[in-house]
Amino acid sequence: MEHLVGILNYIVFFAITAGTYSILSLGLNIQWGNTGLFNIGIAGFYALGAYTSALLCGLPPSAWEGRTFGGFQLPFIVGLLGAAIVSGVVAMLVGAPTLRLRTDYLAIATIGIAETIRLILTNESWLTNGVWGFQQIPSPLYKTIHAATSAYLKGHPNLPVWLHDLISKSYDWFYLVLVLVVLFILYLIMERLVRSPWGRVIRAIREDEDATSMLGKNTFSFKMQALVLGAMIMGIGGSMYAHYARFISPVSFKPLYGTFIVWVMLILGGSGNNKGAILGGFTVWGIWAGTDFLTKYLPFTSTQSASLRVILIAVLLEVILLWRQQGLLPPKKHLFSQK
Amino acid sequence: MTTLAHIPQLLVYGIISGSIISLGGIGVSLTYSILGFSNFAHGDFMALGAYIALGLFTLFTGLGITNAPFGPLSFGFGFVLAFILAIALTAIAVILIDRLLFRRLRRSGPVILMMSSIGVALGLRNILQFFWSPQPHYYSQAIQPAVSLGVLNIRIKPDELFIIALAVVLVIVVHAFMRYTKMGKAMRAMADNATLAQVTGINTDRVIIWTWVIGAGLAATAGILAGIENKFITPELGWQMLLSIFAGVVLGGIGNPYGAILGGMVIGISEEVSTAFISTGYKPAVAFVIMIIMLLVKPTGLLGRKD
């Protein structure tokens with residue numbers, strides 16, 4: 001029974017991470033899946049969200065920290081919204097010089113902004129505490145839930161071990177529900193949006209931008225809206241990550257790794273399909289976590305195993321591109337079919 | 001004042017790193033204009049070349065092939081042999097990657113190719129990491145003293161003069177190839193209009209192979225030169241330069257190899273000179289900011305035509 005609880009606790013941890021990644025994948029789906037915008041700087045917007053939230057909600061700098069600013073101890077929801085706003089504003093700055101040009105320029109600019117953001121996070125210690133990063137980022141309602149759990153466990157000292165183990169992890173269960181609620185709300189909003197006239201315009205841009213432009217639509221403005229909206233969702237993902245991990249540093253946001261895995265999630269799940277984005281998030285994270293177990297049985301060092309896992313994901317991407325570009329759940333034919 | 005006194009020296013460093021960035025940029029530019037996509041694996045082709053050279057050099061040293069230094073340079077025959085073979089092997093490896101992936105995806109359009117190149121980038125880098133670990137490896141541990149040029153307190157190492165000279169020679173060779181050979185003309189024709197080139201009987205498949213030979217060959221060269229300049233190589237070597245390379249390519253005018261050379265030089269010099277004023281850690285960000293300013297002022301780049 002204890003064994004089972006151990007597995008269950010792992011599944012909760014797994015689902016929190018997969019849920020957070022699914023938020024990123026959902027954000028990418030509005031940019032790439034629906035509008036055809038090639039953003040390869042996801043890790044940058046994710047990092048911005050995480051750091052903004054940590055700055056707004058975290059503790060003031062302690063004596064031994066390098067930073068001298070921030071830590072306003074604001075409520076979680078302020079951090080979440082702040083994360084969305086900051087990521088959105090930066091996306092606007094990246095979009096302005098590039099969205100009128102061929103999509104390659106957006107790709108190059110987003111990879112550049114992700115790298116620049118990581119350099120700023122590493123170098124501007126007064127703001128970010130440099131390579132040491134933010135510690136003790138408060139988790140929402142942690143004290144309340146933790147106090148209630150401890151009180152309950154103290155009041156019931158004779159619980160079986162497995163039940164004790166299960167209850168002591170109650171905060172993780174709460175956070176899982178929180179992640180899933182945020183994911184579900186974002187999913188509903190995205191579904192409404194892609195079915196709206198706005199959604200039809202951005203999909204038309206994906207299919208044929210010139211034709212859409214000739215129909216009198218300001219395609220630059222629509223592309224900008226999709227880019228900003230997607231980046232805001234990625235910022236929210238960053239905030240959700242920061243408040244669960246409680247510790248963030250520039251290493252958590254390695255530019256290509258953070259970005260790459262989200263791309264594989266969306267492409268595997270099905271670009272252009274919000275359900276696909278979420279399915280891809282859980283599937284690819286499952287594969288990623290699964291290879292962690294598998295490589296432990298191989299006679300390699302831990303860095304070799306880590307490389308092997310990335311190679312496997314890269315192979316997975318190429319296989320999908322070669323043989324199943326539409327992914328597991330292809331987009332529905334919105335444009336011409338009546339439902 | 002001390003800062004300003006350093007600037008001539010920084011300019012020289014800038015020309016060295018600009019030479020390497022430009023060699024990388026020519027390949028990116030050719031891939032863009034002839035194959036129609038931004039190749040994000042180009043930096044990792046550089047790293048691949050650097051590691052193949054390392055592997056061959058280690059092998060040759062083991063076989064007892066002499067590496068007695070040429071004059072004041074830090075390397076000799078063994079290393080040069082490894083260098084040349086690494087260029088050839090990198091080109092072959094890249095052509096194989098093209099056969100295996102890019103060729104099959106060409107019909108799916110540039111964005112799918114771009115995506116595939118990102119997969120190749122991460123795959124290659126981690127293959128290198130798997131076999132050689134993420135730790136730095138050295139071509140030579142010997143310390144080479146810099147010599148004074150006798151003007152403005154500029155000091156430069158013989159190896160660095162070699163880097164600049166080789167880059168200049170290669171740029172001239174590529175220029176002559178593009179301008180005066182039949183294949184060079186075919187490549188330019190295909191860059192202008194691929195369909196038209198095919199209709200006129202140009203063997204586009206051969207053009208593509210030559211594009212990779214030049215692009216990957218120069219990438220391997222750039223990677224090995226970066227290894228000589230930095231004194232060590234890591235699997236991230238190419239990725240760390242990719243942003244500067246792309247910034248150079250965009251600055252010069254994407255798809256124009258001469259623009260890539262000019263842009264790469266400007267980026268290399270700007271990055272080095274910037275270290276007199278801001279933290280060295282911000283070098284790639286300097287490249288990025290210059291690129292964004294160029295996109296705002298003239299998106300077609302310094303030498304670009306209308307897209």
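Author: A quick word on terms before we start: a helix axis here is a line fitted to C-alpha atoms over the stretch in contact, and the angle is taken between N-to-C directions, on a scale from 0 to 180 degrees. Keep in mind that this is a predicted model.

Now the crossing itself. In chain A, helix α9 (residues 197-207) and helix α11 (residues 219-245) have axes that come within 10 Å and cross at roughly 105°. Angles of 65 to 115 degrees count as roughly perpendicular, so that is how α9(A) and α11(A) sit relative to each other. On the α9(A) side, the residues involved are V201(A), I202(A) and I205(A), and they meet T219(A), F222(A), K223(A) and A226(A) of α11(A). Sort the residues of this contact by class and you get five nonpolar, one polar and one charged.

Stepping back to the chains, the contact between A and B draws 35 residues from chain A and 35 residues from chain B. On the chain A side, α3 (76-98), α4 (103-123), α12 (255-269) and α14 (302-323) each bring at least two residues. The top contributor there is α4(A), with 13 residues. That side of chain A is made up of 21 nonpolar, 10 polar and four charged residues.

Over in chain B, have a look at W239(B), which lies in helix α9 (residues 237-252). W239(B) counts as buried because 23 C-beta neighbours fall inside 10 Å. Beyond its neighbours within four places in sequence, W239(B) contacts G43(B), D44(B) and R125(B). The C-alpha atoms of W239(B) and D44(B) are separated by 6.1 Å, although the two are 195 residues apart along the chain.

Methods:
Residues are numbered from 1 along each chain as its sequence is written. Chains are lettered from A and ligands numbered from 1 in the order in which they are written. This is a predicted model: local features need pLDDT of at least 70, side-chain atom pairs count only at pLDDT 80 or more; totals for chains, interfaces and linings use all residues. Helices (H or I, at least four residues) and strands (E, at least two) are DSSP runs, numbered from the N terminus. Angles under 35 degrees count as roughly parallel, over 145 as roughly antiparallel, 65 to 115 as roughly perpendicular and the rest as oblique. Two residues are in contact if their C-beta atoms, placed from the backbone, lie within 7 Å. Ala, Val, Leu, Ile, Met, Phe, Trp, Tyr, Cys and Pro count as nonpolar, Asp, Glu, Lys and Arg as charged, and the others, Gly among them, as polar. A residue is buried if 20 or more other C-beta atoms lie within 10 Å of its own, exposed if 12 or fewer, and partly exposed in between; C-beta atoms are placed from the backbone.
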